[in-house]
Amino acid sequence: MKKILATGVVFVALIFESLAAGLDTTRIDELTGLKGKMNEKEGAYKVTFPRNDVKVVVDGWTMPPFMGLSTWAAFIETLNAAMTAALDNGLNVTALHNHFFFDQPKVFFMHIEGEGTLEKLATAVKKVYDTIKPIRGPNPKPANTFEQDALIPTSLPEKNSIAAAPLNEIFGIQGESKDGMVKFTIGRPATMNGVKIDNTMGVNTWAAFAGTDDNAVVDGDFAVTEDELQPVLKSLLKEKINIVAIHQHMTHEEPRIMFFHYWGRGRAKDLANAIKGGFLVGGLLKVSSPLP
């Protein structure tokens, strides 16, 4: 069976093959439920999904899909579900970012890639669409917060009081404490233009905790190699940690370092164990049993 490469931004798939004439475009349309268009010169077939379900206003102007929203837009409350669907169905997520200022609702773009048979790739793309539809249908107006445990209060307390000791024990390293908050930072050695760079130069993975032990928030940044990106994303998403951006911070670094930012709500220990899972997958910590 022939292998095919799929790349694109969420809700767009570019299916490539060495001979465009050998690509079963009818089958791609059938599997994705979309209608594509062939670029004969590039040997690429592109399927599109117009995002007419949400009116997007940028800088006070209602933006038509033609101006960069058609097929490319993903909205914040659907992103982590869409990302999970992509990863669970054999696609890689390679970037997550925004394109505009002052857009209402906020629009994000998730880039995907995959390699495999036509059936596998087209079916995976359809799975992403199918995950979004039931979310967007009953919720035409995007939410302004992430879904969270019903037992956790909606708002965070004004005064932070995170206990550092339990988190220090979970991670096996000493965190930095300030005003009831706790932050853990782990450097990632690399080189750039022949110069060694590490923690102080911003090549690091970190996790910061605020709130209280039973009502906490965690946010931070992972610095991972290209090979580590997909498994670490899967680890955090499995534990309900929201991914909010995936991108690069540098050029010409060795090894190539990808950065992704995340956000989570819950009990401090639960959040720490969830982040620790990503640390372990990324090879940042030694394996040990999670604390209850």
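A search of the whole structure, a predicted model, finds 8 aromatic pairs, where rings of Phe, Tyr and Trp (its six-membered ring) pair if their centres lie within 6.5 Å, and planes under 30 degrees apart count as stacked, over 60 as edge-to-face and the rest as tilted. One of the pairs, Phe222 with Phe260, is stacked, at 5.0 Å centre to centre and 0° between the planes. This pair links distant parts of the chain, 38 residues apart: Phe222 lies in strand S16 (residues 216–225) and Phe260 in strand S19 (residues 257–266). Helices (H or I, at least four residues) and strands (E, at least two) are DSSP runs, numbered from the N terminus. Both phenylalanines are buried, that is, under 20% relative accessible area, with exposed meaning over 50% and partly exposed in between (1.4 Å probe, protein chains only). Phe222 and Phe260 belong to one aromatic cluster with Phe171, Phe184, Phe209, Tyr262 and Phe279.

Phe171 is also among the buried residues of helix H4 (residues 164–171), together with Ala164, Leu167, Asn168 and Ile170. Seen down the axis of H4, these buried residues fall within an arc of 160°, so they line one face of the helix; the arc is that of the directions from the helix axis to the C-beta atoms. Ala165 and Glu169, on the other side of H4, are exposed. Just after H4, Gly172 takes a positive phi of about 75°.

Residues are numbered from 1 along each chain as its sequence is written, and side-chain values use heavy atoms, with hydrogens and water left out. Local features need pLDDT of at least 70, side-chain atom pairs count only at pLDDT 80 or more, and totals for chains, interfaces and linings use all residues.
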